[in-house]
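Please describe the fold in this entry, from its overall make-up down to single residues. A short report is enough.

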Amino acid sequence: MPKIRQDSAGIYHLTYVVDTKSIKQKEEKTATGKVYLYQKQKNLTNLAKINDTISATGTIRLIQNYHNPNLVDRELSAQEEGIYATFSIGKQNLKILNTSDKFSFQEFCYQIEQSFLQSMYQAMPENDANMIFAMLFGGYNNIEKDILEAYSITGIIHILSVSGSHISLISLFLLSLGKFLHLPRFFNLILLLILIIFYTILCGASIPVIRASIMGLLSIIALYLEEKSTAQHLLSIIALILLLFDPLLLFNISFQLSFASTSGLVYLMPILRSKLNKLKMPPLLTDNLALTMSAQIFAFPIIIWYFTSLSLSSLLANLIIIPLLEILIILGLIAFILGFIFPFITKILFIFASLILSISNEVTFLLTKIPFASIYVPPLNFPAILIYYSLIFIILNIKIRRYLYLLLQKYKIYHVYM
């Protein structure tokens, strides 16, 4: 189904992913691979559906990357999903040659999403509905530019895409609910697996969503089993398996950030949490601070490499705003589930969610006004990144620390005798 965006003039911009069968220029030739198909429409009639066979006339171009240093490789990201070109048809109509009558689970999920979105429009302002919908299912469609810019400056733009943190949040909520209901651990994990699979499909089951689901789900299961070594081993195994199936992931920014952030949670968060506990802060504040700092420390070189900016307000935003938005996401998911049974309760939850979002947005705008909220930082070169992670590895490894300490002691003794 198309991604739909409406501009200020009321024109709808549609983006399809099309599996090409043939291309006709001077003569018709068979073709393989996928393309992004762009179309403009005044209304949303005559939309193509999943598994329809279509014909269209327009301009086709290969996706090219300009290979500028430190920029995301658009060509590589598209190729990872089997997409190699863009196809623009402007305001020309699609010709639907054949409508598929086969049941499509993807289309079924899309219709559920749209029905949910329409119920949100009835209970809250349209802008709030679009933002909450984006937090639940991913995407930036129809979100105001000033809000996107504010979220980007404060370093919380990731909340608008389905990531490992989303899966971890949902997993933690479901596991905590299972504990509260005294469900057997094995049954709880099986139920969690089923619900996460359904949520992944509902979000479109794209490669980034599947990857986020795998990393988030298995990492949270390992941590739930309270075995740190298991979490570390699982993280490495997951990364290895993903790279074996798709080596190009090594150069994918989403994979790099997901792996770095998850590594921070697995390796550094327990240490930071134990240190922060000595300050006698509230447990919720301690956990949020440890989580934010560990993820930021491990992802820092990658963020600087791609974005060349450091958000000084990011720590405050992650401590104040992210917990509110996490509550909002959970409320939205509960409303989504209850909407099939208790529509009235769903509307009440939507009102609370809209209120939380309004508070979060106001605080976000305030944080962007902090002096030097975002500062330029020159990108680190590869040797500097290598040294950075080597130092983290040394700090976290007790045996290596002791060995280096002994070497220093030996050097000092040698220096004295000289």
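**Overall make-up**

This is a predicted model. The protein holds 14 helices and 11 strands. Of its 418 residues, 38% are buried. Take the contacts between residues at least 6 apart in sequence: 68% of them join residues at least 24 apart. The accessible surface comes to about 25000 Å². Carbon and sulfur atoms account for 66% of that surface.

**The sheet**

An open sheet is built from 5 strands. Their order is β1-β2-β5-β8-β7, and the pairing is mixed. β1 and β7 (59-62) are the edge strands, each pairing on one side only. From one strand to the next, the twist averages 25°.

How do β1 and β2 run, parallel or antiparallel? They run antiparallel, joined by 4 bridges. β2 covers residues 12-19. The two strands form a hairpin with 5 residues between them. Gly 10 lies in the turn and has a positive phi of about 90°. Two of the bridge partners can be named. Lys 3 is partnered by Thr 15 in β2. Gln 6 is partnered by Tyr 12, also in β2.

**Helix α2**

α2 has 19 residues. At 1.5 Å a residue it should span 27 Å; the end C-alpha atoms lie 28 Å apart, which agrees. Its buried residues are Glu 107, Cys 109, Tyr 110, Ile 112, Glu 113, Phe 116, Leu 117 and Met 120. An α-helix has 3.6 residues a turn, so residues three or four places apart point the same way.

**Aromatic pairs**

The model has 8 aromatic pairs. One of them joins Phe 116 and Phe 137: the ring centres are 6.1 Å apart and the planes stand at 85°, so the pair is edge-to-face. This pair links distant parts of the chain. Phe 116 belongs to helix α2 (residues 105-123) and Phe 137 to helix α3 (residues 126-137), 21 residues apart. Both Phe 116 and Phe 137 are buried. They also belong to one aromatic cluster, together with Phe 133, Phe 336 and Phe 350.

**Two single residues**

| Residue | Relative accessible area | Class |
|---|---|---|
| Thr 86 | 17% | buried |
| Ser 161 | 24% | partly exposed |

The cut-off for buried is under 20%. Thr 86, at 17%, therefore counts as buried, whereas Ser 161, at 24%, is partly exposed.

Where does Thr 86 sit? Its place is in strand β8 (residues 83-88). Beyond its neighbours within four places in sequence, Thr 86 is in contact with Tyr 36, Tyr 38, Thr 59, Ile 60, Arg 61 and Ile 63.

Ser 161 is found in the loop between α4 (145-153) and α5 (164-180). Its contacts, again leaving aside neighbours within four places in sequence, are Gly 138, Tyr 140 and His 166. How far apart are the C-alpha atoms of Ser 161 and Gly 138? They are separated by 4.1 Å, although the two residues are 23 residues apart along the chain.

Definitions and conventions. Residues numbered from 1 in each chain as written. Predicted model: local features only at pLDDT ≥ 70, side-chain atom pairs only at ≥ 80, totals over all residues. Heavy atoms only, no water. Phe/Tyr/Trp six-rings, centres within 6.5 Å; stacked < 30°, edge-to-face > 60°. Buried < 20%, exposed > 50% of the residue type's maximum accessible area, 1.4 Å probe, protein only. Expected span 1.5 Å × (residues − 1). Contact = heavy atoms within 4.5 Å. Areas by Shrake-Rupley, 256 points an atom, 1.4 Å probe, with all protein chains shown as cover. Pairing = 2+ DSSP bridges. Axes fitted to C-alpha atoms, helices over the stretch in contact; angles between N-to-C directions.
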